Amino acid sequence: MFHDRARIHVQAGRGGDGGLSFRREKHVPKGGPDGGDGGPGGDVVLIADPDLRDLSTFRPNQRVKAGRGGPGRGALKHGATGESADLRVPVGTQVLDDGGQLLADLAHAGGRFVVARGGVPGRGNKRFATPARQAPRFAETGVPGDELWVELRLKLLADAALVGFPNAGKSSLLRRISNARPKVADYPFTTIAPVLGTVESPDGRQLTVADVPGLIEGASEGVGLGHEFLAHLERARLLLHVIDVTEDTSRRFAAINRELETYGAGLEALPQVVVLNKIDLLRPSPFTADDRRIVGLFSVSAVSGEGIPQLKRALFDVVPQRSDSAQGDSDLVDFLVYRPRPRRERAYRIFRTDRGFRIEGTPPEDAELEQALRAAGAQKGAEVEIGEETFEVA
Ligand SMILES: Nc1nc2c(ncn2[C@@H]2O[C@H](COP(=O)(O)OP(=O)(O)OP(=O)(O)O)[C@@H](O)[C@H]2O)c(=O)[nH]1
Ligand SMILES: [Mg+2]
């Protein structure tokens, strides 16, 4: 099975609580404040790994948590940073939030995206010492980390993609021109999951070519494997349209193009190289199609190898250059973040005192405040001060 989607819940670590501590010295009953700050909560990070093929390492609705920041302690010891949760995803993985908004596109090997940021740590009581308040008997608690559901969607990144009816010889062709070894057989739908191959030119240039399951008429209505895999063509810059010469070539060419048009998403506009395959079986009758998308026409045999070197050479000339160089050297862009999420800023902070808890700033409505207090470690009956008022946690 090829998994190109996964929905996961990510939860970054809570920031560690600030320390509430006073220096102990031999002859001094109560020294100055020396509680250190808590450590930041761990992040949940997605990393694009070129060795991964798909998203099958994720269980459905998997929950991923990063570590909590350590608490600050006496003698000004700061808490440890929470352990991050590093999740490896295949290159080409897009990250969407629950509303379907694209958050990031991990389009390059090694690209990293912090999908859930660890919570801000609490400050220790040392930080609250002032000339007027030399012994602050409170410390700040840490803030929870980001928490959200995200959808991971793999869209293969290929320079060119093969399209055509089942059995046209797409996989045979990919075996001929690239290092990939997809299965080839004399029945339709041999290829049931996308395969990527690398084509090399004699002068060392490389192109990646994707082989996706064959399309048939009615794919838009779900016939065959339907359109399920066409999303993987969305990021190709050219289509290699393979047609079996022993079939009615013009009719087949038109049928595939109708499916691309029905699917849309730009596939209908991609330039195409038409590859008439299996010329060892039948010399092709002239192929004419008045179609502005056609940028090349080749007659080949994936079995005998005839016409293959010419096709391979031409590919390097006709595949359009990547146009995203507007961002400078695109190889340096590790990932594209479409909508940087603002850090969840709280309008209030929770302090731990030696009697219980104190809220400063604008507290949220009751239910949310109660939840936040519990997360900060408040138990039933704990005393909470807000301004001049005091209440107990129910
Ligand atoms: N004679 C001849 N047979 C070919 C040629 N290319 C492919 N074939 C045969 O056609 C059949 C289908 O080839 P595949 O490469 O599996 O075709 P495909 O387009 O990948 O098919 P699906 O994965 O099912 O969509 C196999 O039996 C191949 O050996 C060719 O150039 N000449
Ligand atoms: Mg195949």
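A: The model is predicted. Let us begin with a helix: helix 2 is followed by Gly-264, whose phi is positive, near 75°.

Q: Which residues of helix 2 are buried, and what covers them?

A: An α-helix has 3.6 residues a turn, so residues three or four places apart point the same way. In helix 2 the buried residues are Thr-249, Arg-252, Phe-253, Ala-255, Ile-256, Asn-257, Glu-259 and Leu-260. Their cover includes strand 10 (160-163), strand 13 (238-244), strand 14 (272-277) and strand 15 (294-299).

Q: Which atoms coordinate the magnesium ion, ligand 2?

A: Ideal angles at a metal are 109.5 degrees for four tetrahedral donors, and 90 or 180 degrees for six octahedral ones. Here the magnesium ion is coordinated by OG of Ser-171 and OG1 of Thr-191, at 2.0 to 2.1 Å. The pair links distant parts of the chain, 20 residues apart: Ser-171 belongs to helix 1 (residues 170-177), and Thr-191 to the loop between helix 1 and strand 11 (195-200). Water is not among the atoms, so sites may look incomplete.

Q: Are Ser-171 and Thr-191 buried or exposed?

A: Buried means under 20% relative accessible area. Ser-171 has 8% and is therefore buried; Thr-191, with 11%, is buried as well.

Q: Which residues are closest to ligand 1?

A: Of the 24 residues that surround ligand 1, the closest are Lys-170, Ser-172, Phe-189, Thr-191 and Asp-280. Helix 1 supplies the largest share of this shell, 3 residues.

Q: Which polar backbone atom lies 2.8 Å from an oxygen atom of ligand 1, and how much of the ligand does the protein bury?

A: That atom belongs to Phe-189. A backbone N or O atom of Val-303 lies 3.3 Å from a ligand 1 oxygen. Taken alone, ligand 1 exposes 650 Å², of which the protein buries 90%.

Q: Where is Arg-352 found, and what does its side chain reach?

A: Arg-352 is in strand 17 (residues 348-353), and at 27% relative accessibility it counts as partly exposed. Its side chain reaches the backbone oxygen of Gly-18 at 3.3 Å. Beyond its neighbours within four places in sequence, the contacts of Arg-352 include Asp-17, Leu-20, Arg-137 and Phe-357.

Technical notes: Residues are numbered from 1 along each chain as its sequence is written. Chains are lettered from A and ligands numbered from 1 in the order in which they are written. This is a predicted model: local features need pLDDT of at least 70, side-chain atom pairs count only at pLDDT 80 or more; totals for chains, interfaces and linings use all residues. Side-chain values use heavy atoms; hydrogens and water are left out. Buried means under 20% relative accessible area, exposed over 50%, partly exposed in between (1.4 Å probe, protein chains only). Helices (H or I, at least four residues) and strands (E, at least two) are DSSP runs, numbered from the N terminus. Contact means heavy atoms within 4.5 Å. Donors are N, O and S atoms within 2.8 Å of the metal (3.2 Å for Na, K and Ca); water is not among the atoms, so sites may look incomplete. A polar contact is a pair of N or O atoms within 3.5 Å; within protein, one must be able to donate a hydrogen and the other to accept it, and residues adjacent in sequence count only if both atoms are side-chain atoms. A residue is near a molecule or strand if one of its heavy atoms lies within 4 Å of it. Accessible areas come from the Shrake-Rupley method with a 1.4 Å probe; for residues, only the protein chains shown count as cover.
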